[in-house]
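Please open the structure in a viewer and keep the selection tool at hand.

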Amino acid sequence: MKRVLSGIQPTSDSFHLGNYLGAVKQWVELQDGHDAFYCIVDLHALTVETDPALLRKRTLASAAQLLALGISPEKSTLFVQSQVPQHNQLGWIMECLTGFGEASRMTQFKDKSSKAGSDSARVGLFTYPMLQAADILLYQAHYVPVGEDQRQHIELTRDLAGRFNTRYGQTFQLPEAYILKTAAKINDIQEPTAKMSKSSGAVAGVIEIMDSPEANLKKIKSAMTDAGREVKYDLAEKPGISNLLTIHSALSGRTIQELENEFAGKGYGDFKSAVAEVVVEYLRPIRARALELLEDEKHLLDILHQGSTKARNVAQETIENTYKNLGVVL
């Protein structure tokens, strides 16, 4: 089977609905028919100021949510990045292959450093694309499920792998970006023209997996709507209603057209109540399962340790081959 690899940072207490519908739901689907490796990339989370207790809590919360959302330890290898030291080993080699100008052109570093100022940006933020390349190449991944905004990072990974293979002999599989295309592009329910994201700092428009049913019910009933009363999908004129229609459709499996027909002649209040019910009932068992996993920390850690052991075995083979081709004495 072709191998897929992707990762998610443990930077919050809860994933949000956009994370799930935009990425994790497709990770779950890719488990069937692929050799799937999914990683909680806690080392990448260190590029900003970190509270140790919070990092540990969020790493475990991320694992519990991935499992509750459908990542299966029987079908996939689920592991924590820091438990596989070969990531750091190969990361250094990737840094030594990358030109300074090449790294400087990475758009995410330019965007993030421009907000805080380059003097205060961490060196790790500058070099993390090289560690990300190591994350991928370590497992000889064929496909990397990512959003369109990560395409540049996959291209860098391919460039570095090709460069190493040309100079030192065939060592790495050249990965392909598996761009996640989903009809369910979820936007902020208070700012419906903006992507649902916690980085904006506003939480009122973010539907969180681990929020209580009551909290999500209140958020959706308070969602921003548009002029008029017609429940109709129209991104230009009705971004708020269009976003809620997308959410309902993605979770209920019903088409936008079916929903428009059902709510023809009804007001926004009835529609938002229906969306709230669908979201709350969809997330209720997921939240309950995640909380159950977090209650039994030993069992959760056992799952992660088993995944990390499998990941280390694969990673070690790659490192040994890399070192041998590079001339490092083993």
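The model is predicted: local features need pLDDT of at least 70, side-chain atom pairs count only at pLDDT 80 or more, and totals for chains, interfaces and linings use all residues. Residues are numbered from 1 along each chain as its sequence is written, and side-chain values use heavy atoms, with hydrogens and water left out.

**Stop 1: the cores**

Select L17, L66, I207 and I247, the residues with the most contacts inside the largest nonpolar core, which has 53 residues. A nonpolar core is a set of buried Ala, Val, Leu, Ile, Met, Phe, Trp, Tyr and Cys residues joined through side-chain atoms within 4.5 Å. Elements giving two or more residues to this core include β1 (3-8), α1 (17-30), α9 (239-252) and α11 (268-295). Helices (H or I, at least four residues) and strands (E, at least two) are DSSP runs, numbered from the N terminus. The largest share of the core, 11 residues, comes from α11.

Next, select I247 with its contacts, a contact being heavy atoms within 4.5 Å. Leaving aside neighbours within four places in sequence, I247 is in contact with L17, I186, I189, I207, V275 and V279.

**Stop 2**

Now select L66, which is placed in helix α2. Is L66 buried or exposed? L66 is buried, because its relative accessible area is 0%; buried means under 20% relative accessible area, exposed over 50%, and partly exposed in between (1.4 Å probe, protein chains only). Not counting residues up to four places away in sequence, L66 touches I8, F15, V24, W27, I40, I71 and L78.

Continue to I71, in the loop between α2 (52-68) and β3 (76-80). I71 is also buried, with a relative accessible area of 3%. Beyond its neighbours within four places in sequence, I71 is in contact with W27, V28, Q31, Y38, L66 and S76.

**Stop 3: L46**

Select L46 in the loop between β2 and α2. L46 counts as partly exposed, at 41% relative accessibility. Leaving aside neighbours within four places in sequence, its contacts are L55 and R122. L46 and R122 lie 76 residues apart in sequence and 9.3 Å apart in space, C-alpha to C-alpha.

**Stop 4: α2 against α11**

Show α2 and α11, which pack at an angle of about 135 degrees with their axes 8 Å apart. Axes are lines fitted to C-alpha atoms, for helices over the stretch in contact, and angles run from 0 to 180 degrees between N-to-C directions. The angle makes α2 oblique to α11; angles under 35 degrees count as roughly parallel, over 145 as roughly antiparallel, 65 to 115 as roughly perpendicular and the rest as oblique. The contact is made by L60, A61, A64, Q65, L67 and A68 of α2 with I286, R289, A290, L293 and L294 of α11.

**Stop 5: α3 against α12**

Finally, select α3 (residues 86-97) and α12 (residues 297-326), whose axes are 10 Å apart at an angle of about 30 degrees. The two helices are therefore roughly parallel to each other. To see the contact, display Q86, Q89, L90 and I93 of α3 together with R312, A315, Q316, I319, T322, Y323 and L326 of α12.
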